[in-house]
Amino acid sequence: SIRNFGMVWPIGVPNGPLYERALRSRQIWQELIDVAGLWHDPSGSMHVAHADDEWAVLQQYAAANAQLRPCRLLDRDAALAKSPALVARELRG
């Protein structure tokens with residue numbers, strides 16, 4: 001987690017054994033945090049697209065990983081509802 005500034009974020013790991021190891025690592029960290037009574041914020045992440053090519057990549061990612069990872073594609077309105085702090089101008093989703 002030191003490379004991610006305290007975040008356990010397995011999104012950049014390829015599917016398969018490395019992804020499973022990343023999930024197990026996250027589980028171990030969660031167990032340690034719970035036992036130690038430390039504060040944490042399991043908030044997830046959001047990747048946004050403001051250009052058509054970015055939106056296409058997010059659509060491809062969601063389609064390829066829908067059955068393998070906990071991800072979902074949000075359109076513009078749903079993304080803004082989830083995070084009103086997003087820049088709405090030219091937001092695709």
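Reader: Helices here are DSSP runs of H or I, at least four residues long, numbered from the N terminus. With that settled, where is Glu90?

Author: Glu90 is in the segment after α3, the helix that covers 76–82. Keep in mind that this is a predicted model.

Reader: Which residue does Glu90 meet in a salt bridge?

Author: Arg89, and the N to O distance there is 3.8 Å. Arg89 counts as exposed, at 65% relative accessibility.

Reader: How many salt bridges does the structure hold?

Author: Four. Besides the Glu90 and Arg89 one, I can give you two others, starting with Glu31 and Arg24, whose side chains meet at 3.7 Å, N to O. Then there's Asp77 with Arg76, where the closest N and O atoms are 3.7 Å apart.

Reader: Why would such side chains pair at all?

Author: Side chains of opposite charge can pair when their charged atoms come close.

Reader: How exposed is Glu31? And Arg24?

Author: Glu31 has a relative accessible area of 41%, so it is partly exposed. Arg24 is partly exposed too, at 39%.

Reader: Switching to the fold. How many helices and strands are there in the chain?

Author: Three helices and zero strands. Along the sequence the pattern reads α-α-α. The radius of gyration is 15 Å, well over the 12 Å that the globule rule gives for 93 residues, so the chain is more spread out than a compact globule.

Reader: What box do the C-alpha atoms fill?

Author: Roughly 45 × 30 × 20 Å, taken along the principal axes.

Reader: What share of the residues is buried?

Author: Buried residues make up 17% of the 93.

Reader: OK, on to nonpolar surface. Which residues make the patch?

Author: Val8, Ile28, Trp29 and Leu32 make a nonpolar surface patch of about 340 Å². Leu32 sits in helix α1, which runs over residues 17–36.

Reader: How many aromatic pairs does a search find?

Author: Zero, and that search took in the whole structure.

Reader: Then what sits over the ring of Tyr19?

Author: The charged end of Arg69, 3.8 Å from the ring's centre.

Reader: One more arginine. Where's Arg26, and is Arg26 buried, partly exposed or exposed?

Author: Arg26 is in helix α1. At 38% relative accessibility, Arg26 counts as partly exposed.

Reader: How far is Arg26 from Met7, in sequence and in space?

Author: The two are 19 residues apart in sequence, and their C-alpha atoms are 9.4 Å apart in space.

Methods:
Residues are numbered from 1 along each chain as its sequence is written. This is a predicted model: local features need pLDDT of at least 70, side-chain atom pairs count only at pLDDT 80 or more; totals for chains, interfaces and linings use all residues. Side-chain values use heavy atoms; hydrogens and water are left out. Patches are made of residues with over 30% relative accessible area and no salt bridge: like charges are joined within 9 Å, nonpolar side chains (Val, Leu, Ile, Met, Phe, Trp, Tyr) within 5 Å. Accessible areas come from the Shrake-Rupley method with a 1.4 Å probe; for residues, only the protein chains shown count as cover. Helices (H or I, at least four residues) and strands (E, at least two) are DSSP runs, numbered from the N terminus. Rings of Phe, Tyr and Trp (its six-membered ring) pair if their centres lie within 6.5 Å; planes under 30 degrees apart count as stacked, over 60 as edge-to-face and the rest as tilted. A charge sits over a ring if NZ of Lys or CZ of Arg is within 6 Å of the ring centre and within 35 degrees of the ring normal. The radius of gyration is taken over C-alpha atoms; the globule rule is 2.2 Å times the number of residues to the power 0.38. Buried means under 20% relative accessible area, exposed over 50%, partly exposed in between (1.4 Å probe, protein chains only).
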